Amino acid sequence: SHLKSLLSINVAQNRMSGTINGFMNLPLLQLLDITDNRFVGPIPESVGSLTSLLSLTLANNTMNGTLPASLTTLTSIQLLDIRLNFFHGKIDLNPLWRSLLKFNISSNFFVDDLNGFSLLNKTLSMDIALNSFYGPIDPLLGMKSALQIVVNNNSLCGVIPSAFSTATPSLRQIDLNVNLFEGEFPVLFGFIVQFISWR
């Protein structure tokens, strides 16, 4: 390729189609945004070669498949947004994703528990709504820097931990609606600016 010096590609809101394989041979690429197009297919394993990548936005396409293991090797990534696609499987979160600030995988077909999510201790915003996550939300107590946590429309269950008030002191919004939570509403949630309904 004669474009190996490219740092940023933004083709959002077009009518482009095909796979994203052609973007994978750009070792200096820091930003890739293909939002609102017609791209298909999985994220290729070769995404791991984009070692300079800071922002990967694949939102609102018709991409599918499971997330490649090589995605977890992108240790500089700050924004990962793959919402509104057809991805499925489990989520392998890497403890080396220390710089990940925004994580949005909503409106896909992931099926997993939240056990690995405690690794996102620097993440400011996380949205996993409209998937099939299950089990308790206690692992989210590890998200010590979170400002926004959105987990609505899953199959999460159990009691909402009152420890959120001390474990996530910066939290300003948590969306828990349309899950299977039970028990009393934690009184210490009064510190949150916006608490969207739960049931």
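This is a predicted model: local features need pLDDT of at least 70, side-chain atom pairs count only at pLDDT 80 or more; totals for chains, interfaces and linings use all residues.
**Entry 1. Phe-117 and Phe-133**

Phe-117 and Phe-133 are both buried. I then looked up the geometry of their rings: the centres lie 5.8 Å apart and the planes stand at 90°, so I recorded the pair as edge-to-face. The angle qualifies because planes over 60 degrees apart are counted in that class.

Next I placed the two residues along the chain. Phe-117 belongs to the loop between S10 and strand S11 (125–127), and Phe-133 to the loop between S11 and S12. The pair therefore ties together parts that are 16 residues apart in sequence. I also noted that ring pairs join Phe-103, Phe-117 and Phe-133 into a cluster.

How many aromatic pairs does the structure hold? I find 4. One of them is formed by Phe-86 and Phe-109, which are stacked, with 6.0 Å from centre to centre and 10° between the planes. I traced this pair to two strands: Phe-86 sits in strand S8 (residues 86–89) and Phe-109 in strand S10 (residues 109–110). The two residues are 23 apart, and the pair links distant parts of the chain.

I checked the accessibility of each partner. Phe-86 has a relative accessible area of 43% and is partly exposed. Phe-109, at 48%, also counts as partly exposed. Neither value reaches the exposed class, because that class requires over 50%.

**Entry 2. The sheet that contains S8 and S10**

I followed these strands into their sheet. It is an open sheet of 5 strands in the order S2-S4-S6-S8-S10, with parallel pairing. Strand S2 (17–18) and S10 are the edge strands, each pairing on one side only. Phe-109 thus belongs to an edge strand, because it lies in S10.

Ser-17 stands opposite Arg-38 in S4.

**Entry 3. The sheet that contains S12**

Which order do the strands of the open sheet of 3 take? I read S12-S14-S16, paired in parallel. Strand S12 (134–135) and strand S16 (180–182) stand at the edges with a single partner strand each, so one side of each has no neighbour in the sheet.

I then inspected the pairing of S12 with strand S14 (residues 155–159), which is parallel and made over 2 bridges. Here Tyr-134 stands opposite Ser-155 in S14.

Notes
Residues are numbered from 1 along each chain as its sequence is written. Side-chain values use heavy atoms; hydrogens and water are left out. Two strands pair if DSSP finds at least two bridges between them. Helices (H or I, at least four residues) and strands (E, at least two) are DSSP runs, numbered from the N terminus. Rings of Phe, Tyr and Trp (its six-membered ring) pair if their centres lie within 6.5 Å; planes under 30 degrees apart count as stacked, over 60 as edge-to-face and the rest as tilted. Buried means under 20% relative accessible area, exposed over 50%, partly exposed in between (1.4 Å probe, protein chains only).
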